[in-house]
Amino acid sequence: MKMQNSRHLKNLQESQNKSGNEKLHEACGVAGFYTDKGYLDTCNPAAEVYKNLIALQHRGQESCGIAVCDGDKITLQKGSGLVNEVFNSHELSKLKGNISVGHVRYSTSGDNSINNAQPFYGSFESQEFVIAHNGQLCNHNEIKKELEQKGYKFSSTSDTEVILKLLEDEIKNNPGKKVTDVLPVVLNMIKGSFSLCIMTKDSLIGARDCNGIRPLCIGKKENNWIISSESCGIDAAGGKLVRDVLPGEIVEIQNGKLNSLFYSSERTKQTCIFEYVYFARPDSVIDGIPVQSARFKMGERLFKEASIMADAVIGVPDSGVSAALGFSSASGIPFSLGLIKNKYIGRSFILSEQKERESIVNLKLNAIKTEIDGKRIVVIDDSLVRGTTCKYLIRLLRRAGAKEIHLRISSPQVVFPCYLGIDTPQKDELISTKYTIPEICEQVGADSLAFITLPGMVEVLKSFSDNAGFCTGCFNGEYPVPFI
């Protein structure tokens, strides 16, 4: 394998200070592109994966990487920072091959060292492969200890490397077997959430955990195949969505054809419900549910469950806006663009002092006084986690002259941490575990506060798909996989 170190490699400790973040964060995004060698004069798979990753940037901003294979040699480049910081057209032109895999990362398992940047490269004898992973394993520590006892060395603290070493071990113990032969065995050994994008010298592979917790979908662009965490990545690469990878399914693209197998008979659909709240881009379709439409209907349901009279409805950018439009439609209260987001203040903005971190809302958001002054307003946000940002947001709206502020949240109260691929605060940091709704309302400074109910939210989502199912652990503590 040829490894290219990006000139943008930095200490990832300098690119993210998660202690100041209010929102929950998705772990990662994965992407893959396959074309037959005869079509390389019309497309560059690395560039197609780059487009896909740009669209998936919201799923991780700490690091990114792209790997390619020309049938003989695997080339891998990765670094810290955003996709357009790590890669440019000149560097992409050097990544030559007909198969490509990419990854954007926000750490949950493992620290934010550059050693944890993905994709990861693995090999045993003539078998070489690259793996990109979105999710979190519950039993990775146990498996890692077993592998270390066998003599395997780990260069990272990421649970993805555990999958990598398991594949190497199975290939070692089964001479003549390929990655695709041993992958079902490995996937039945690991527990937790995962969507995988794997590249071998002659194939592109996608796999999803038995509960379908983390999303993964398949697209086509003319005669080429695309794999992506979200359909918006397929759109960005100029492709069309074919379908989602099903829970417990492995898909392999080889010789221009897609083959499928299920590695387990125990399959359920329990998509992470926060994909529809906040994680996914609004233009994505996750497991048959259009995200924008779902958020709009959540806003409509929120008004039905917690109606209030007011002069204007405003949404907290970005994902609160869709629900605000739904709330406005159901209530007849005019929607107002009362908040403007500064898109040049990213999630990686560094502030050393707590007071500075808390006041970052003044840099990220600004109120439009003419839309707010003297009015009773309903503020719609997608979630309430710690409450810190919300408190300062309401102060901002008070300074802009809001007469009344009624806070409505288009997801239920977050009362449990997530063990399956979300960067969640500890339980004692979640505001809803410590205070009642009236107490939270007083703490953040609103005139009233209400959340959508979990049954109401699930009913909205199921109206789009009869066979929909969801992981709701962060709301009710019921996880599809026990945490080990």
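**Figure 1. Just after helix α4, Gly-151 has a positive phi of about 105 degrees.** The structure is a predicted model, in which local features need a pLDDT of at least 70 and side-chain atom pairs count only at pLDDT 80 or more, while totals for chains, interfaces and linings use all residues. Residues are numbered from 1 along each chain as its sequence is written, and side-chain values use heavy atoms, with hydrogens and water left out. Helices (H or I, at least four residues) and strands (E, at least two) are DSSP runs, numbered from the N terminus. Helix α4 spans residues 140-149, and His-140, Ile-143 and Leu-147 in this helix are buried. Because these residues cover an arc of only 65 degrees around the axis, they sit on the same side of α4; the arc is that of the directions from the helix axis to the C-beta atoms. Buried means under 20% relative accessible area, exposed over 50%, and partly exposed in between (1.4 Å probe, protein chains only). An α-helix has 3.6 residues a turn, so residues three or four places apart point the same way. On the face turned away from the buried side of α4 are the exposed residues Lys-145 and Gln-149. The buried residues of α4 pack against β8 (127-137) and α5 (160-173), where a contact means heavy atoms within 4.5 Å.

**Figure 2. Buried residues of helix α6 pack against β8, α5, β9, β10, β14 and β15.** Helix α6 covers residues 179-187, and its buried residues are Val-179, Val-182, Leu-183, Pro-184, Val-186 and Leu-187. Among the strands that they pack against are β9 (192-200), β10 (204-208), β14 (249-254) and β15 (257-262).

**Figure 3. Strands β4 and β5 run antiparallel and are joined by seven bridges.** Two strands pair if DSSP finds at least two bridges between them. Strand β4 comprises residues 63-69, and Ile-66 stands opposite Gln-77 in β5. The hairpin of β4 and β5 has four residues between the strands, and Gly-71 takes a positive phi near 95 degrees there. Seven of the seven residues of β5 (residues 74-80) are buried, so the strand is largely enclosed by the rest of the structure. In a regular strand the side chains alternate between the two faces of the sheet. From β5, Ile-74, Leu-76, Lys-78 and Ser-80 point one way and Thr-75, Gln-77 and Gly-79 the other way; all are buried.

**Figure 4. Strand β22, helix α14 and strand β23 form a right-handed β-α-β unit.** A crossover is right-handed if, with the strands pointing away from the viewer, the path from the first strand over the helix to the second runs clockwise. The helix of the unit, α14, covers residues 388-399. Strand β22 (residues 376-381) has five of its six residues buried, so it is largely enclosed by the rest of the structure. Strand β19 (residues 312-315) pairs with β22 in the parallel sense over four bridges, and strand β23 (residues 404-409) pairs with β22, also in the parallel sense, over six bridges. Val-379 in β22 is the bridge partner of Ile-314, and Val-379 also stands opposite Leu-407 in β23.

Figure 5. Helix α13 covers residues 369-372. The relative accessible area of Lys-369 is 45%, so this residue counts as partly exposed. Lys-369 and Arg-399 are 30 residues apart along the chain, and their C-alpha atoms are separated by 8.6 Å.

**Figure 6. The model has zero disulfides.** A disulfide is a covalent bond between the sulfur atoms of two cysteines; here the test is a pair of cysteine sulfur atoms within 2.5 Å. The closest cysteine sulfur to that of Cys-232 is in Cys-217, at 8.2 Å, which is too far for a bond. Cys-232 is buried, with a relative accessible area of 1%. For Cys-474, the closest cysteine sulfur is in Cys-272, at 6.4 Å, again too far for a bond. Cys-474 also counts as buried, at 7% relative accessibility.

**Figure 7. The chain averages a pLDDT of 89, and 88% of the residues score at least 70.** Over residues 2-21 the pLDDT is below 50, and this stretch has 56 contacts in the model beyond near neighbours in sequence. Here pLDDT is the predictor's confidence in each residue, from 0 to 100. Over residues 347-354 the pLDDT stays under 50, and the model has 17 contacts for them beyond four places in sequence. Where pLDDT is low, the predicted coordinates should not be read in detail. The chain has 18 helices and 26 strands, and 58% of its 484 residues count as buried.
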